[in-house]
Amino acid sequence: MTSANNTQVAPPAGRSRKRLRMQTKRVLWAWGFLALPIIFYSWIRFYPTLDAFWLSFTDWDLLSEPNFIGLDNYRHLFNDPQFWQVFKNTFTYLLVGTPLSLFFAFIIAYFLDRVRYLQGFIRALYFLPFLTTASAMAWVWRWFYQPVPIGIINGFLANFGIAQQPFIRSVDQALPSVLATAIWAGVGFQIVIFMAGLRAIPQTYYEAARIDGLGEVAILRKITLPLLKPTTVFLVVFSSIGFLRIFDQVYNITTNDPGGPLNSTKPLVLMIYQSAFSSYQMGYAAAQTVVLFTILLVVSLMQLWVMRER
């Protein structure tokens, strides 16, 4: 016989409906509070992006109505020798600046994490350039790059009998000079993030490794770098986007000839700015923006795929 105590009593239908209504109300209230921020963000973020795609197929000078011209802007862009020079410059900033900045940032963070005295003060000194406005920082470095007796760097080289260097006045040296400035400006942020990642690694791993007799190099290779991978992925993507969108340092250091000399330092963002607000070719500038967006998307997805967790 089945005991009456083992009989499962189904909850009343009214109580189930009431619980369902409460859950529905919570969902509606949640979406009600989220609706306004989502609409606002979509309006200021996605609408301009979609509008840029549309403008890239038009001829527009800000004064007249946009005239649909199809793919003419893209044909003009890919047949423009200046675009390919700018494209090369942009990827030079990316492929040289990103690994160098991350290498220097990690080395400094790794050894700074072992400092026990004045660590916060030293970390603040490294982080200070990141807080400085790009225009002020660029003008200071422009002063550094001047010939003697104004330029500090050339004055320092003269003490060792080294001839003056043209730096930002040279087609060959201008881009490395701007790149060095950009790396110096952003390395402080990367140091702070790397140190946060190092502090997040449990010390028990290091203690167990030392008990097993592993040296510092082996600990770095087998423990620190693998566990620091999420931090590294974030910084690689963040830094790559920053170098692909570099503008302030170039524009302010080469302000007499933005992107010069002879377009040797001009990145794609500066070309977009000049096409839009110097030549008033808004459709052509929008086509360049679409190309930049595509490059950013592809590079970011490739980096996430290569550095994904295996």
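Is Trp143 buried, partly exposed or exposed, going by its relative accessibility? The relative accessibility of Trp143 is 43%. Buried means under 20% relative accessible area, exposed over 50%, and partly exposed in between, with a 1.4 Å probe and protein chains only. So Trp143 counts as partly exposed.

A quick word on the model: it is predicted, so local features need pLDDT of at least 70 and side-chain atom pairs count only at pLDDT 80 or more, while totals for chains, interfaces and linings use all residues. Residues are numbered from 1 along each chain as its sequence is written, and side-chain values use heavy atoms, leaving out hydrogens and water.

**Exercise 1. Describe the ring pair of Phe57 and Tyr74.**

Step 1: start with the rule. Rings of Phe, Tyr and Trp (its six-membered ring) pair if their centres lie within 6.5 Å; planes under 30 degrees apart count as stacked, over 60 as edge-to-face and the rest as tilted. By this rule the count comes to 27 aromatic pairs.

Step 2: take the two values. The ring centres of Phe57 and Tyr74 sit 5.7 Å apart with the planes at 50°, so this pair is tilted.

Step 3: Phe57 is in the loop between helix 1 (13-55) and strand 1 (58-59), and Tyr74 is in helix 2, so the pair ties together parts 17 residues apart in sequence. Helices (H or I, at least four residues) and strands (E, at least two) are DSSP runs, numbered from the N terminus.

Step 4: check the surface. Phe57 is partly exposed at 26% relative accessibility, whereas Tyr74 is buried at 13%.

Step 5: back to Trp143. Trp143 and Phe144 form a tilted pair too, at 5.6 Å centre to centre and 35° between the planes. Ring pairs also join Trp141, Trp143, Phe144, Tyr145, Phe167 and Trp184 into a cluster.

**Exercise 2. Trace the salt bridges that involve Glu216.**

Step 1: set the cut-off. A salt bridge is a side-chain nitrogen of Lys or Arg within 4 Å of a carboxyl oxygen of Asp or Glu. The whole structure has four of them.

Step 2: look at Glu216 and Arg114. Their closest N and O atoms are 3.8 Å apart. This pair links distant parts of the chain, with Glu216 in helix 9 (residues 216-227) and Arg114 in the loop between helix 3 and helix 4 (119-131), 102 residues apart.

Step 3: compare with a local case. Arg75 and Asp72 form a salt bridge at 2.7 Å; both lie in helix 2, three residues apart, about one turn of the helix.

**Exercise 3. Find out what surrounds Asp80.**

Step 1: locate Asp80. This residue is in the loop between helix 2 (72-78) and helix 3 (81-112).

Step 2: look for an opposite charge (Lys and Arg count as positive, Asp and Glu as negative; His and the chain ends are not counted). Asp80 is buried yet has no salt bridge, and the nearest side chain of opposite charge, Lys266, is 8.7 Å away.

Step 3: list the contacts, meaning heavy atoms within 4.5 Å. Leaving aside neighbours within four places in sequence, Asp80 touches Met271 and Tyr284.
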